Amino acid sequence: MIVVENLHRHFGGFHAVDGASLTIETGSITGLIGPNGAGKTTLFNVIAGRLPPTSGRVTMAGEDITGLPPHVLFHKGLLRTFQIAHEFGSMTVRENLMMVPPHQAGETLWNTWFGRKRIADEERALRAKADEVLEFLTISHLADQKASQISGGQKKLVELGRTMMVDAKIVFLDEVGAGVNRTLLNTIGDAIIRLNRERGYTFCVIEHDMDFIARLCDPVIVMAEGKVLAKGTVDEVKNDERVIEAYLGTGLKNKVKDEAAHG
Ligand SMILES: Nc1ncnc2c1ncn2[C@@H]1O[C@H](COP(=O)(O)OP(=O)(O)O)[C@@H](O)[C@H]1O
Ligand SMILES: [Mg+2]
């Protein structure tokens with residue numbers, strides 16, 4: 001679905017993404033892992049149109065999408081989840097979902113004057129859709145809560161839910177597990193697997209939690225120092241000498257910390 005060819009993103013003289021090439025197959029849940037500073041988030045930002053690349057090419061289903069802005073990619077079904085913006089915290093969870101689809105009839109003055117019935121119909125449909133999404137994610141009980149008052153993990157589920165309000169083809173998730181407790185992380189994992197199997201979503205997932213990656217992702221792509229180092233199953237990349245070296249080189253402190261934490 002997505003092909004990235006020799007992508008570069010430089011910040012001044014610093015090569016955050018340094019000639020990365022990779023493929024995300026249609027229907028996969030592809031993991032993207034690598035030590036901190038490997039360039040994973042920057043790569044996502046370039047693919048999703050938030051940052052222009054310095055050079056290189058991104059195609060989606062054969063079409064060149066390099067450097068297209070996020071709203072254009074959104075219409076093509078390429079979505080990157082975002083934290084719920086602070087200013088939407090006072091809206092309910094349901095309202096946060098209902099806001100997502102673009103070109104709502106209520107947006108134009110013409111429609112405000114001449115299309116009251118159409119607006120009402122559309123709102124009803126949106127509301128039904130939002131409720132269906134909340135049910136799918138097993139968080140119907142949060143529908144009327146203010147977005148600012150739900151937990152961090154619940155927010156991640158709502159962010160995922162926002163991608164379900166439109167016809168997403170591929171969804172990019174950056175560290176869905178950060179600061180989320182184990183139970184909610186499992187719920188998020190279940191939702192991703194169901195969206196993949198039942199609705200045909202393709203996913204690309206950055207995550208540090210290797211249990212989460214192992215449960216969801218095949219294949220896994222490993223990045224280090226702006227480049228793609230390896231691609232394979234979790235077991236394959238875990239035993240890859242270059243991968244071990246990259247984690248040891250840049251991530252020794254983290255690894256030691258991790259092992260101390262997990263025994
Ligand atoms: N806007 C920016 N300006 C300068 N350097 C940046 C910017 N964004 C990221 N970087 C640098 O690029 C490198 C890769 O960052 P990032 O893509 O966030 O890595 P990862 O997500 O793999 O941890 C880091 O060293 C980071 O400091
Ligand atoms: Mg990152």
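How many bridges join strand β1 to β2, and in which direction do the two strands run? Strand β1 (residues 2–11) is joined to β2 by 8 bridges, and the two run antiparallel. This is a predicted model, in which local features need pLDDT of at least 70 and side-chain atom pairs count only at pLDDT 80 or more, while totals for chains, interfaces and linings use all residues. Residues are numbered from 1 along each chain as its sequence is written, chains are lettered from A and ligands numbered from 1 in the order in which they are written, and side-chain values use heavy atoms, with hydrogens and water left out.

**View 1. An open sheet of 4 strands.** The strand order is β2-β1-β4-β5, with antiparallel pairing. The edge strands are β2 (14–24) and β5 (63–64), each of which pairs on one side only. Strands pair if DSSP finds at least two bridges between them. Strands (E, at least two residues) and helices (H or I, at least four) are DSSP runs, numbered from the N terminus. Phe 11 has Phe 14 in β2 as its bridge partner.

**View 2. Helix α1 on the sheet strands.** Helix α1 (residues 40–47) lies across β1, β2 and β4 (55–60), and runs at about 115° to β1. Contact means heavy atoms within 4.5 Å. Axes are lines fitted to C-alpha atoms, for helices over the stretch in contact, with angles from 0 to 180 degrees between N-to-C directions.

**View 3. The salt bridge between Asp 174 and Arg 80.** The closest N and O atoms of this pair are 3.7 Å apart. Asp 174 lies in strand β7 (residues 170–174) and Arg 80 in strand β6 (residues 78–80), so the pair ties together parts that are 94 residues apart in sequence. Arg 80 is buried, at 13% relative accessible area. Buried means under 20% relative accessible area, exposed over 50%, and partly exposed in between (1.4 Å probe, protein chains only). A salt bridge is a side-chain nitrogen of Lys or Arg within 4 Å of a carboxyl oxygen of Asp or Glu; by this rule the count comes to 15.

**View 4. The salt bridge between Arg 199 and Glu 132.** The N to O distance here is 3.8 Å. Arg 199 in helix α7 (residues 182–199) and Glu 132 in helix α5 (residues 116–136) are 67 residues apart, and the pair links distant parts of the chain. Arg 199 is partly exposed, at 36% relative accessibility, and Glu 132 is partly exposed as well, at 40%.

View 5. Asp 240 is buried, at 17% relative accessible area, whereas Arg 242 is partly exposed, at 48%.

**View 6. Backbone geometry at Pro 219, Ala 61 and Glu 225.** The peptide bond from Asp 218 to Pro 219 is cis, with omega near 5°. Pro 219 is in the loop between α8 (210–216) and β9 (220–224). Ala 61, in the loop between β4 and β5, is not a glycine but has a positive phi of about 45°. Ala 61 is exposed, at 71% relative accessibility. Glu 225 lies in the loop between β9 and β10 (227–232), and its phi is positive, near 50°. Glu 225 is exposed, with a relative accessible area of 63%.
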